[in-house]
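Colleague: I am new to this structure and would like to learn how to read it feature by feature. Could you take me through some of its parts, giving the general idea and then the case at hand?

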Amino acid sequence: MGQRKSKRDQANTQSELWLIKSETEQVKGPYSTDAVSKMILEGIYNGQEQIASYPEGDWRELAKQPEFYETLLESLENPIERDEKKAQKMDAETVIRTMPVKPQSFGDQADKSDEVNISFASELEKAIHQNVAEAKSIVPKKLKQMAVNETASGSLAQMQMRQFQIEKERIDFERKKILKKFLPFLAFVITLAAVGLFLFTSDNSRSKSSWALLTPDFKKSEIDASELKSLKVKAVGFLKGGVLDDLIKAQNVLVQAVEGKNNDLESLGLLCVVHHSMWPYTKQVSNDLKAISVVTRQARSVNAISSYADACQAFQLQAKGQINDGRALLERALDQNTEKNFVLYPFLYLNKGELLEESGNLVNAEVYYREALKQFPDWNRAEYSIGRVLLRQGKYQQAVDVFKSTLAKSEKYKPALYGLGLSLNKLNNDQSGQAYLEQGYAIKQIIPKDLNLEALQEYANILVNKNDTKKALEVVQSGLKVSPSHRALKDLFISLGGESLAIGDAQVTELILEGDQFFRLGDYLAAQGRYRAAFDNDQKNTLLALKIAKSMRALNQFRESISWIDTALKIDPKMLAAYSLKAEYFIQRYNFVDAQNTLLAAQRIDPNNYEILKSLARLEWKKNNLTHALQLGTRAYKQFNVDVELITLLSTINVEIYFRPGRAGADNDQEKKTALEEAQKYAARAVDLEPAWPESQIAYAKYLYAKEGSQASERYYKELIKSFPYSLEYQFALAEFYERLEKNIAAEEIYRTIVEIDPKSKEANLGLARSYRSRNDFNNAIKYFMIGATLDPSDVESLFSVGMLQLDRGETTTNSKESTKLLGEALARFELVKKNNLHYPKVYYFTAKAKLALGYYDEAMQDLNTEKTKNPSLADPYILSAEINQKQNQFSQCAQNYMTVIKLRPTSEYYFKAAACYRLAGSLDLAEDMIIEGHSRESGNYVYYRELGYLHEAKGDTASARKNFEIYLDLTAHNSFDAKLIENKLRSGL
């Protein structure tokens with residue numbers, strides 16, 4: 001059975017990589033197909049595990065992965081007992097280790113396919129600019145023939161059917177053979193037999209509602225230039241149709257082209273266009289995004305600075321929800337293009353128009369749509385887009401003319417029929433409008449959701465006005481299948497006498513898709529509404545519960561977000577992703593104890609899970625335990641080395657280790673050298689994997705600061721801002737960089753610019769407040785801190801910062817009335833912080849400081865004891881406790897607190913303060929020991945002579961006391977805070 005693979009199957013086996021997830025959620029791999037098959041035959045895997053295509057595939061049961069049906073059946077036919085030692089050995093031998101990718105320089109790399117592209121350009125010109133008469137007579141014939149060819153080679157649906165038939169026949173044959181020998185395996189084999197049916201029905205149902213993006217296999221054999229040119233001309237012909245069926249055909253043709261010539265930038269660019277156009281119709285799962293990412297990465301590898309690579313990356317960013325970043329790259333591709341015969345212009349003009357229309361800039365959107373149509377005549381999609389923005393601008397008659405022009409060339413183009421119907425209705429031509437809406441409704445053609453819903457709602461209203469309730473109800477139900485949460489259609493459904501509408505699986509999926517889209521756009525309220533509606537009809541869906549939790553956290557509803565994570569854990573107590581997310585939310589609120597407990601609970605399920613190790617590394621990093629954080633992060637990286645979030649964290653940790661103060665010596669020098677090398681490795685890998693993710697670029701900028709200094713890092717930040725002018729992340733990063741360098745004026749300018757762009761940006765308002773604080777502008781600092789507090793009441797940083805300002809002013813002002821007022825306000829702020837987040841760093845300590853300044857000694861000591869319990873390694877609360885002890889003449893307790901301080905912060909200052917407390921408590925020998933030890937640690941500290949003077953005075957040695965006091969006064973030039981006190985003591989003769 002193992003010898004049945006064809007050469008093509010063997011080639012695919014070598015190229016496909018897989019990740020395996022055990023029942024304990026442990027992820028292993030990547031493995032080759034042959035390696036997985038070998039482990040199945042050896043009894044290491046039994047089909048119950050989860051498998052995913054490496055690096056970004058979706059998880060599914062191993063028994064439901066078609067590549068391994070045959071092997072699983074063979075393992076049933078020849079069962080062997082699992083050997084744990086052999087399993088470990090096999091695991092080590094078959095894992096394919098991927099090496100870190102070094103950053104490449106593409107500046108001197110030329111386009112390798114210029115000759116093919118120039119040859120294609122003339123053919124493309126013919127395809128684009130053929131006249132309307134030719135299009136009517138020739139193009140339909142060509143399209144029909146192409147459709148036949150596509151059917152012969154296998155469309156997506158037919159390939160699914162054919163694969164289903166092959167797998168079903170194979171499983172049936174093997175099932176009968178195995179059943180004769182192994183009756184105990186009856187249930188499992190029946191399950192396998194049902195897999196094929198499940199795959200067909202689930203994939204077929206998906207094809208009715210959404211479509212998958214295809215990921216090319218770049219290791220296939222090459223095709224010649226003439227065939228490549230023919231494929232591209234075919235693809236452009238399909239693109240001209242502007243409907244989803246044509247896009248699918250174009251995708252199939254272009255996948256064939258890029259597989260045959262993987263360095264042809266035009267094919268890659270056109271495939272990016274098709275993927276972008278199909279994206280709204282897909283389920284937008286990881287495999288769809290993977291297809292876009294793979295093609296984009298290939299275009300970058302051919303020529304990273306080409307306009308084709310920029311265009312592909314612009315589309316990828318938009319798919320990921322980074323609209324502003326995508327827009328910046330799109331404009332660069334349009335404005336700075338230097339490609340010969342650049343063929344993507346019309347598609348980029350259309351995309352720019354769509355972005356402008358989405359932002360409400362209809363006039364400029366129309367300009368770009370017209371330019372797209374000029375570049376690509378008779379393009380239905382561009383012409384329809386012109387009509388749509390005219391309709392939205394209220395130019396109804398002009399819109400009618402445009403839609404009629406489109407229908408003259410493509411009489412069954414559903415978007416134009418709907419657009420014409422809507423326009424005529426606006427002109428009060430209801431009868432004609434209804435006719436076109438009815439005609440469009442009868443055509444089974446997938447179109448953009450917004451247009452579909454608007455047209456269906458308008459059509460239903462017309463039917464209601466004409467008392468055709470039955471038809472209206474049918475139309476409304478069609479709309480609710482597209483968007484189950486559409487409020488107007490739901491209200492109309494109820495008003496028409498419709499009973500409660502049961503939500504099916506397809507509609508649950510649609511709700512999730514809508515929620516995901518709202519989440520990417522930052523409308524978290526709408527997102528959680530869609531997710532909740534879906535969860536009401538699928539209450540075992542743990543991923544949905546986590547999506548709701550993320551939405552609630554984005555809405556600053558911390559407790560509710562934790563509650564939803566707990567809901568997910570009740571459904572699946574072994575869901576490690578939920579533990580990781582819960583710990584992250586605790587970390588964000590500085591609740592390190594609960595975060596630690598959450599992750600320890602997860603480790604009891606799977607001690608070596610990389611997600612949990614990553615979360616532990618982040619926790620230790622936040623606690624400033626850099627060495628331990630690095631160890632945990634490195635362990636996680638060895639298990640899964642393509643997690644960009646983990647890689648950027650490792651780079652950041654290494655940079656902080658490089659800057660960490662340490663003792664002089666060879667060991668410290670070597671640690672810094674190693675940290676810098678590791679920071680470079682991780683930062684470069686992050687940029688290579690996700691060049692458009694701001695965190696990866698910022699990590700590289702931090703590495704540059706450590707390696708080459710502030711100027712190199714600053715230049716890098718400015719170049720990023722220039723490349724991505726709409727992305728505020730890089731501007732924030734530069735402002736924070738300036739703050740670290742104490743270039744507060746430069747930071748203030750950036751923060752003020754961001755506030756002008758987005759007055760509701762909490763981060764920008766807080767940055768501006770810090771800038772004002774740095775130059776002692778007390779009133780403006782408080783103003784912007786309070787704006788930040790208003791924007792996000794759940795984040796207590798703003799209130800705490802205001803309290804700190806008021807505390808500082810209250811302690812330093814000479815006006816006692818003003819001081820009391822400021823200290824009282826500071827105390828109120830700190831108490832409010834405690835009420836909202838009792839884990840905020842040092843909040844109990846500063847509450848105690850405010851109480852101490854107001855004379856509330858006992859209450860201050862209670863807060864200090866709480867701070868000591870929460871942060872036993874923090875010296876500050878012990879110092880303040882000692883000061884209170886001294887004010888209350890509790891000198892023994894004062895000395896004990898300073899002794900704890902010395903363990904945590906062993907500087908001469910606290911030895912001398914401990915000596916003073918011991919002296920006042922009457923323990924003169926201990927006081928002398930402290931003075932001697934303090935002097936040995938810092939011989940230049942003048943306080944030594946003062947404390948020695950007081951000690952000799954206590955012992956009755958007047959001469960020695962006078963001598964030491966005089967030395968102290970001379971060294972301090974009689975300017976110390978206690979100079980007058982000591983001078984009086986000397987004048988009085990001690």
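This is a predicted model: local features need pLDDT of at least 70, side-chain atom pairs count only at pLDDT 80 or more; totals for chains, interfaces and linings use all residues.

Colleague: Which residues of α22 are buried, and what do they pack against?

Modeller: The general idea is that an α-helix has 3.6 residues a turn, so residues three or four places apart point the same way. In α22 the buried residues are Leu451, Asn452, Leu453, Ala455, Leu456, Tyr459, Ala460, Ile462 and Leu463, and they pack against α18 (380-392), α20 (414-426), α21 (430-442), α23 (469-482) and α24 (487-495). This helix, residues 449-465, reaches 24 Å from its first C-alpha to its last, close to the 24 Å expected for its 17 residues, and it is followed by Asn467, whose phi is positive, near 65 degrees.

Colleague: How should I read the packing of two helices, and at what angle do α32 and α33 pack?

Modeller: One looks at the angle between their directions, where values over 145 degrees count as roughly antiparallel. Helix α32 (residues 626-639) and helix α33 (residues 644-659) pack at about 150 degrees, with their axes 10 Å apart, and therefore α32 is roughly antiparallel to α33. Their crossing is left-handed, and the residues making the contact include Leu626, Ala629 and Leu630 of α32 together with Leu646, Ile647 and Leu650 of α33.

Colleague: In what order do the strands of the open sheet lie, and which are the edge strands?

Modeller: Four strands form this sheet in the order β2-β1-β3-β4, with antiparallel pairing, and the edge strands are β2 (27-32) and β4 (60-61), each of which pairs on one side only. Strand β1 (residues 17-21) is joined to β2 by four bridges, and Ile20 stands opposite Lys28 in β2. Helix α2 (residues 33-41) packs on the sheet, where it touches β1 and β2, and its direction makes about 115 degrees with that of β2.

Colleague: Finally, is Asp335 buried or exposed?

Modeller: Asp335, which lies in helix α15 (residues 323-335), is exposed, because its relative accessible area is 65% and the cut-off for exposed is over 50%.

Note on methods: Residues are numbered from 1 along each chain as its sequence is written. Side-chain values use heavy atoms; hydrogens and water are left out. Buried means under 20% relative accessible area, exposed over 50%, partly exposed in between (1.4 Å probe, protein chains only). Two strands pair if DSSP finds at least two bridges between them. Contact means heavy atoms within 4.5 Å. Axes are lines fitted to C-alpha atoms, for helices over the stretch in contact, and angles run from 0 to 180 degrees between N-to-C directions. Angles under 35 degrees count as roughly parallel, over 145 as roughly antiparallel, 65 to 115 as roughly perpendicular and the rest as oblique. A crossing is left-handed if the near helix is turned anticlockwise from the far one by less than a right angle, and right-handed if clockwise. The expected span of a helix is 1.5 Å times one less than its number of residues.
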